Amino acid sequence: MESSNAVLENDIILGKDDTKIQKSLAFLSVALIYFFYCYNFMVGTFIKPTMIAEAAAGGFGFTLKQSEEIFAVMSFGTIPGTFLFGMISTRIGKKKTLIGISLMIALTTFVPMLAPTSVFLWKAARFCSGIVLGGVFGCAMPLVADMFPKKYRGKLAATLTALFSLAMIFGGKVYGILGDANWKTLMYTAIIPSVVAAVMALIFVPDDSAYTKEMLEKGKETGEKVSYLSMYQGKYLWIGLGTILLSGANFTAYSAFSNNATTYLVTNIGMTAAVAGSIYSLQGVGQLFGYLVWGSIADKFGRKVPAIGMALSAVCVFIYSRLGANDITSFYLVSIAIGFAVGYSGAWGAYYTELFPDKYRALSSGMSFNGGRIVSTFAVPAIAGAASGSMGMMMIFYISIAVFVAGTAVWFFLPETLKKSKASN
């Protein structure tokens, strides 16, 4: 029994005898689910012009406020989804849960197409989409952690995180090709691949049901249930609060800057929308490389080393706020630098699973990451109100800088997990 436990607590838990091709197909299956999870968040951006267009012009006739509400409820839905699917995965396993989530993403995305002019149906369907989307991170990241050694997890988690940038680029290209008139086809580009990815996961991803059952049995033997209440005990309560604060600082600081960057360039600097948009778009390019580079650094030097990127984010935002109308080239460069710096979160999927005992993998990463959305849900609107003061938009940037610095400080006090792993191996 001791040797069995040693295996369970060591690097590779699932598919340890699989070939490299089998492991690659397993990771690809999870990555496809994750890619179209990211892509699904962007569907609303591309459908919105059709939503607010008049019915006579082929639109749905929604007001701008109604279209905003539809996607606000989706974002809110990710919070209960994190709790719900985290608990489900501890009962039936992460593979089965992730497959179910992928199929439900397809279903809930399809539902509003049954009556596209119904605001109520859109709100209900996208809220349900938000719930199932909220379960992806907490299942996908620890599932990958279960399949690969720790020395690869940072890079693999960063690869999954980087898919958000690729999904953004992909979505823009698809929208550019299809346009508003083909909104139904656009919806199907988010629906059909999710079904295909679920089937691939069913075939190629190793099953963790036996491991999940063993963890449940061990919990029963010791009288301890695998739950959020049992996870946040002793030092892990403070680690858990720390990760939620760290994620909250990430969402808050970056949203405060990113949501106002183009507005600042147009209204404060006097740029055209086209130039401001092109400057902003380079953040995505920087992020794509940043996620991969910081993920590799996390694997080689430690999970806390990418905190340097969080500190650099504050520096980059400060430089951004100091540039003027004649510094167009500098804006482009700093925009890339900001994107690269905020890639510091690329390895969090691995880091958050390693901060807690292995039996809580299905719960820890999702709550540590999406729990930060609770912080940003309240913080971001409050920060936006700061723009009404005498300093205007600049105050928002200064708050963003301060939150990046505060997040770096929180990260400093969290434990390192990679060095401990090397020592134990």
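This is a predicted model: local features need pLDDT of at least 70, side-chain atom pairs count only at pLDDT 80 or more; totals for chains, interfaces and linings use all residues.
Along the principal axes, the C-alpha atoms of the protein chain fill a box of roughly 70 × 50 × 40 Å. As for secondary structure, the protein chain has 18 helices and zero strands. Of the 425 residues in the chain, 53% are buried.

Phe-36 has a relative accessible area of 9% and is buried, because buried means under 20%. Phe-170, at 32% relative accessibility, counts as partly exposed.

Another edge-to-face aromatic pair is formed by Tyr-232 and Phe-356, at 6.2 Å centre to centre and with 80° between the planes. Here both residues sit in loops: Tyr-232 lies between helix H10 (228–231) and helix H11 (235–269), and Phe-356 lies between helix H15 (348–354) and helix H16 (361–384), so the pair ties together parts that are 124 residues apart in sequence. Tyr-232 is buried, with a relative accessible area of 19%, and Phe-356 is buried as well, with 3%.

Phe-257, Tyr-264, Tyr-320, Phe-331 and Phe-397 come together as one aromatic cluster. Lys-23 lies over the face of Phe-148, at 5.0 Å from the ring centre. In a further case, Lys-304 is placed over the face of Phe-412, at 5.5 Å from the ring centre.

The next topic is the space between the atoms. Rolling a probe the size of a water molecule over the atoms shows where empty space is left. The largest pocket holds about 1,800 Å³ of space. It is lined by 41 residues, and the closest to its centre are Phe-41, Phe-164, Ser-255, Asn-259 and Arg-373. Several helices take part in this lining: H2, helix H3 (64–92), H7, H11, helix H12 (273–301) and H16 each supply at least two residues. Among these contributors, H2 gives the most, with nine residues. By class, the lining of the largest pocket has 21 nonpolar, 17 polar and three charged residues.

Across the whole structure, three cavities of 30 Å³ or more are found. The largest cavity contains about 100 Å³ of space. Its lining includes Ser-89, Thr-90 and Lys-94, along with Tyr-211, Thr-212, Met-215 and Leu-216, and also Asp-358, Lys-359 and Arg-361. The elements that give two or more residues to this lining are H3, helix H9 (209–222) and H16, and H9 gives the most, with four residues. Sorted by class, the lining of the largest cavity has five nonpolar, three polar and four charged residues.

The second largest cavity has about 50 Å³ of space. Among the residues that line it are Thr-82, Phe-85, Gly-86, Gly-138, Cys-139, Tyr-228, Leu-363 and Met-367. H3, helix H6 (136–147) and H16 each supply at least two residues of this lining, with H16 giving the most, at four residues. Its classes are six nonpolar, six polar and no charged residues. Ala-362 is found in the lining of the largest cavity and also in that of the second largest cavity.

Note on methods:
Residues are numbered from 1 along each chain as its sequence is written. Side-chain values use heavy atoms; hydrogens and water are left out. Buried means under 20% relative accessible area, exposed over 50%, partly exposed in between (1.4 Å probe, protein chains only). Rings of Phe, Tyr and Trp (its six-membered ring) pair if their centres lie within 6.5 Å; planes under 30 degrees apart count as stacked, over 60 as edge-to-face and the rest as tilted. A charge sits over a ring if NZ of Lys or CZ of Arg is within 6 Å of the ring centre and within 35 degrees of the ring normal. On a 1 Å grid over the protein atoms alone, a cavity is a set of points where a 1.4 Å probe fits but cannot get out, and a pocket is an open set with protein on both sides within 12 Å along at least five of seven lines; lining residues have an atom within 4 Å of a point. Grid points are joined across faces, edges and corners, and a volume is the space filled by probe spheres set on the points. Ala, Val, Leu, Ile, Met, Phe, Trp, Tyr, Cys and Pro count as nonpolar, Asp, Glu, Lys and Arg as charged, and the others, Gly among them, as polar.
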